[in-house]
Amino acid sequence: MKKLCYAFALIVSAAGLSVTAEAATDALPSILESYEKNAENSYTISYLEEDPYLVNIYEGYGFAKDYESARGHAYVLEDVNGTERPHALANCLTCKTADFTKLVNKMGEDAYSLDFESVYPQMHENVGCYTCHEYQFMKGTPVITHDYTIAAIGDEMGDAIAPAVAVCGQCHTEYYFKPENKATNVPYQDIATMDPAAELAYYDEMGFADWTQESTGTPLLKVQHPEIETFLGEGSVHAPLGLTCADCHMEMKENENGTEYPSHYLVSPLESEVLLETCAACHKDTDMAEKVHAVQEEITAREKEVGQELSDLKDRLAQAAASGEYTEDKLDAIRSLHRTAQWYFDYDYVENSEGAHNSALARKCLDTAEETIQEAMALFES
Ligand code: HEC
Ligand code: HEC
Ligand code: HEC
Ligand code: HEC
């Protein structure tokens, strides 16, 4: 209980509010307790060890050095500081800590280009109450606090996009840093443009690349966790049925006073009896672990095949570029296909559900990547 009171005092002081005992609703202590459990999800694996071809396809970029799978929200600050990927600017803190969001909301986009090392020591909270509720966490009203999400979909929250999807999508999304001021931004304007083809077109049009790979000369993109796009996008079966991220990742529980509250320990539905019961409303007596794993095994197996083909294309292109036997025009045509193929491969690979959120889209991305690789390979011979 002491720990809880301490956490509660921290939140209240972080919010700059003075909260009376009466105002603290009965559910809050249980919510806090569940929120602290995010530290229990500490399991992580190295993607680079699991899929060694990644080191080759990400060559020249930070993810070729260090790429761990995600773990609980309690670890975000520790993990961003510990990664071996370079992080020169404070914009890396965008999706890690409520303290940085508050800073952006106070000083505007200039906060993104501050020096990482000078800002990091001022960051104390991980993903916090402010992140998803601003200062309305006593009531629990979901509020979008990230400026680029407000700009892209703020108007649609509550109408087209359920609040318990929108707040998660502030971070569980593809993003980039604007070239002119390094501010974090998303490559879409509404649900219709939350789509791999539309996002690639957006980057192509602005001539954006995360890095230009030295050996191949290809201006490449690195996709990051497009969960909101995958969940809301074409092929998703659950979004049109009105389910939200919270429905499958936050248990509804009852505390000792009989008050119902949403657990803030974000878990896989397969780890929770309570959540599995909610699946049963539609899936009846289907073994959900089996159903989810079947999708994931199919998608992961395909991913390994296509990832290896992409790695082969990269080697072939690097050789061709070094050989001097191809015209720059020909190489550029192949580079353009290489960029497209890698985009679609990555769009699937980095999505955290491994196909479970939307297997149709995962298949489409992998098929498109593979067709594009074949097209590129054929150009070497033509
Ligand atoms: C402020 C950004 C942010 C918001 C908002 C956010 N997340 Fe996260 N989430 C992250 C980051 C970053 C990680 C990875 C943490 C790590 O590995 O250190 C993560 C990890 C997770 C994980 C664990 C993944 C794993 O493989 O173990 C789950 C589940 C999750 N988030 C679900 C959600 C849900 C559901 C919501 C909305 C209710 C949400 N998140 C909102 C940033 C956010
Ligand atoms: C990652 C996003 C996220 C964070 C962080 C978060 N919440 Fe929530 N919270 C939600 C969502 C989503 C809901 C609504 C759940 C639903 O509708 O099923 C919610 C609901 C609530 C509610 C309403 C409960 C009810 O019975 O209606 C309260 C109160 C609340 N949160 C308090 C907090 C407090 C306090 C913190 C910090 C310890 C916090 N939240 C952190 C996403 C978040
Ligand atoms: C219909 C249920 C459902 C909905 C709705 C849903 N998810 Fe998931 N999610 C899953 C399943 C199933 C998995 C795979 C779990 C596993 O591998 O154990 C998963 C995995 C994840 C993971 C990886 C975490 C882990 O433990 O493997 C994250 C992060 C995540 N979802 C975030 C989200 C976000 C953000 C949203 C909303 C945009 C969302 N989910 C909506 C069912 C759902
Ligand atoms: C409101 C009804 C509903 C609920 C609740 C629901 N589902 Fe579904 N789900 C469906 C329908 C309909 C389909 C499509 C037919 C099928 O595959 O069974 C589906 C498909 C799926 C798929 C395959 C998705 C794909 O893209 O291949 C997975 C995985 C899944 N559900 C997991 C879950 C999990 C886990 C839960 C509970 C946390 C859940 N569902 C809750 C209705 C629901």
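Mentor: A polar side-chain atom of His172 sits 2.8 Å from a nitrogen atom of ligand 1. Keep in mind that the model is predicted, with local features needing pLDDT of at least 70 and side-chain atom pairs pLDDT 80 or more, while totals for chains, interfaces and linings use all residues. Residues are numbered from 1 along each chain as its sequence is written, chains are lettered from A and ligands numbered from 1 in the order written, and side-chain values use heavy atoms, without hydrogens and water.

Trainee: What makes the approach of His172 to ligand 1 a polar contact?
Mentor: A polar contact is a pair of N or O atoms within 3.5 Å; within protein, one must be able to donate a hydrogen and the other to accept it, and residues adjacent in sequence count only if both atoms are side-chain atoms. The 2.8 Å of His172 therefore qualifies. His73 also has a polar side-chain atom 2.8 Å from a nitrogen atom of ligand 1.

Trainee: Which residues coordinate the iron atom of ligand 3?
Mentor: His249 (NE2) and His357 (NE2) do, at 2.0 Å. Donors are N, O and S atoms within 2.8 Å of the metal (3.2 Å for Na, K and Ca), so both atoms count; water is not among the atoms, so sites may look incomplete.

Trainee: Why is His249 called partly exposed?
Mentor: Its relative accessible area is 27%.

Note on methods: Buried means under 20% relative accessible area, exposed over 50%, partly exposed in between (1.4 Å probe, protein chains only).
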